[in-house]
Amino acid sequence: MRPPPADVPDAGAIVRFHDAALRRRAGHVEPEAGAADPLWSAIGANHYHNTLLWREEDRARRTDVAAEVIAAGKRTIDRHNQLRNDAVEAIDDALLARLPAPASGDAAAGARLSSETAGAMIDRLSILALKIFHMRAQARRGEAGAAHMAACAARLERLTTQRGDLAGCLDRLLRETASGQSWFRVYRQFKMYNDPALNPWLYGRGAGPAADSGSGR
C-alpha cells in the first residue's frame with residue numbers, strides 16, 4: 001500500500017499537536033492563522049474553535065446568571081461552531097490537494113467511498129483531545145474524593161483507547177486514498193441557520209407554517 005505524500009501528516013503528529021496546544025497556557029489554544037502551511041493552519045484553527053466551544057458550552061450551563069448572558073453565549077457558540085466547520089472543510093481541501101487524484105471520474109474503479117472525511121476525523125480527534133485533557137484534570141482533583149477520581153480515571157482510559165482507534169482509522173484512510181483504494185470528497189456543511197438569506201427567521205418571514213418547518217438543516 002502506497003504511503004501518503006510526505007507533506008500529509010499522520011495521525012500521531014496531529015494528536016501530538018492537539019495535546020501540545022492544550023498544554024500551553026493550561027489549555028489556552030492560540031489560533032494558527034499565521035502558520036506557513038495551510039493544512040496545519042486549518043488544523044490549528046479547528047482545534048482553536050473547538051477549545052473555545054468547549055468553554056462556552058460549559059458557561060452556557062450556568063444557572064446563576066441572567067438569560068441575556070446565556071443568549072449571548074449561544075451566539076458565541078454558533079459563531080465558533082461555524083468557524084470550526086469551515087476549518088474542517090479547509091482541512092479536507094488541503095489534504096485532497098496533496099493526495100493523488102482518483103484515476104477517473106470521482107474515484108478509481110472499485111475504490112471505496114468513505115462517508116467520513118479525513119477532516120471530520122481530525123475534528124473528532126480534536127474533541128477527544130479536549131475530553132482527555134479535561135478528564136485527566138478531573139482524575140487528579142483530590143478535593144472531589146477518591147470515588148470521583150477513580151471514575152474519571154476509568155473514563156480517561158476509555159477515551160484514550162477511543163482516540164487510538166480513531167487515529168488508526170485516519171491513518172488507514174490516508175494510506176488507502178494515497179493508494180487509490182479509498183477516496184473522500186469535501187462535504188460542504190451549508191449551515192442554513194447561520195445564513196440570513198436562508199433562515200426564514202432572519203430574512204423577515206417571521207412565524208408561520210413556512211418558518212415553523214425550519215430551514216432544512
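Visitor: Is the crossing in which helix 2 passes helix 4 left-handed or right-handed?

Guide: The model is predicted: local features need pLDDT of at least 70, side-chain atom pairs count only at pLDDT 80 or more, and totals for chains, interfaces and linings use all residues. Residues are numbered from 1 along each chain as its sequence is written, and side-chain values use heavy atoms, with hydrogens and water left out. A crossing is left-handed if the near helix is turned anticlockwise from the far one by less than a right angle, and right-handed if clockwise. The crossing of helix 2 past helix 4 is right-handed.

Visitor: How many helices and strands does the chain have?

Guide: Helices (H or I, at least four residues) and strands (E, at least two) are DSSP runs, numbered from the N terminus. From that end, the elements run α-α-α-β-α-α-β-α. The chain has 6 helices and 2 strands.

Visitor: How do the residues of the contact of helix 2 with helix 4 divide?

Guide: Contact means heavy atoms within 4.5 Å. Those taking part include Trp54 of helix 2 and Lys131 of helix 4. Ala, Val, Leu, Ile, Met, Phe, Trp, Tyr, Cys and Pro count as nonpolar, Asp, Glu, Lys and Arg as charged, and the others, Gly among them, as polar. The residues divide into 6 nonpolar, 6 polar and 2 charged.

Visitor: Is leucine 173 buried or exposed?

Guide: Leucine 173 is in helix 5 (residues 146-179). Among the residues it touches, not counting those up to four places away in sequence, are Arg112, Met121 and Phe184. Buried means under 20% relative accessible area, exposed over 50%, partly exposed in between (1.4 Å probe, protein chains only). Leucine 173 has 1% relative accessibility, so it counts as buried.

Visitor: How many disulfides does the structure hold?

Guide: Cysteine 152 is buried at 3% relative accessible area, while cysteine 169, at 32%, is partly exposed. A disulfide is a pair of cysteine sulfur atoms within 2.5 Å. The number of disulfides in the structure is 0.
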